[in-house]
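Open the model in your viewer and keep the selection tool at hand. The stops below run from one side chain to the next.

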Amino acid sequence: MTRKLVGLALLGLFVAGNALAQPYPNRPVRLIAAQSAGSSLDTITRIVTPKLSEMLGQQIVIDNRGGAGGIIGIELAARANADGYTLLLGAPSSMILSRFTYSKLAFE
């Protein structure tokens, strides 16, 4: 019984080690800017993104989702897969104050 448990533990470590060895990112990263195109947030995003793309070695795709004070972009990011390939850039006021301003939000 003990040998089986040790064998399963070693197998688990082997599988986990291989999973951790996967490079990140290995596909394009989506950056949701929770403001409309041409806003100050969009300008900052477009200034920072080339250097971030160079550092990661992968393309960064900017997805402007303005409207409702940034809530549309935040909700989109909240519904995205939790795989690290969707990032959110938003104004703190959109993320913090909307919780107190609106009664029903799709994110917390």
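Select Leu76. Beyond its neighbours within four places in sequence, Leu76 is in contact (heavy atoms within 4.5 Å) with Arg30, Ile32, Asp63 and Arg65. This is a predicted model, where local features need pLDDT of at least 70 and side-chain atom pairs pLDDT 80 or more, while totals for chains, interfaces and linings use all residues. Numbering starts from 1 along each chain as its sequence is written, and side-chain values use heavy atoms, without hydrogens and water.

Leu76 lies in helix α3 (a DSSP run of H or I, at least four residues; strands are E runs of at least two, and both are numbered from the N terminus). Its relative accessibility is 17%, so Leu76 counts as buried (under 20% relative accessible area; exposed is over 50%, partly exposed in between, with a 1.4 Å probe and protein chains only).

Now widen to α3, residues 71–79. Its buried residues are Ile71, Gly73, Ile74, Glu75, Leu76 and Ala77. They pack against β1 (29–33), β2 (60–64), β3 (86–89), α4 (92–96) and α5 (98–101).

Go to Phe100, in helix α5. Phe100 counts as exposed because its relative accessibility is 64%.

Next, pick Tyr24 and Tyr85. Their ring centres are 5.1 Å apart and their planes at 55°, so the pair is tilted (centres within 6.5 Å; under 30 degrees is stacked, over 60 edge-to-face, the rest tilted). Tyr24 is partly exposed at 44%; Tyr85 is buried at 9%.

Finish on Arg27. Its charged end sits over the ring of Tyr85, 3.9 Å from the centre (CZ of Arg or NZ of Lys within 6 Å of the ring centre and within 35 degrees of the ring normal).

Definitions and conventions:
Rings of Phe, Tyr and Trp (its six-membered ring) pair if their centres lie within 6.5 Å; planes under 30 degrees apart count as stacked, over 60 as edge-to-face and the rest as tilted.
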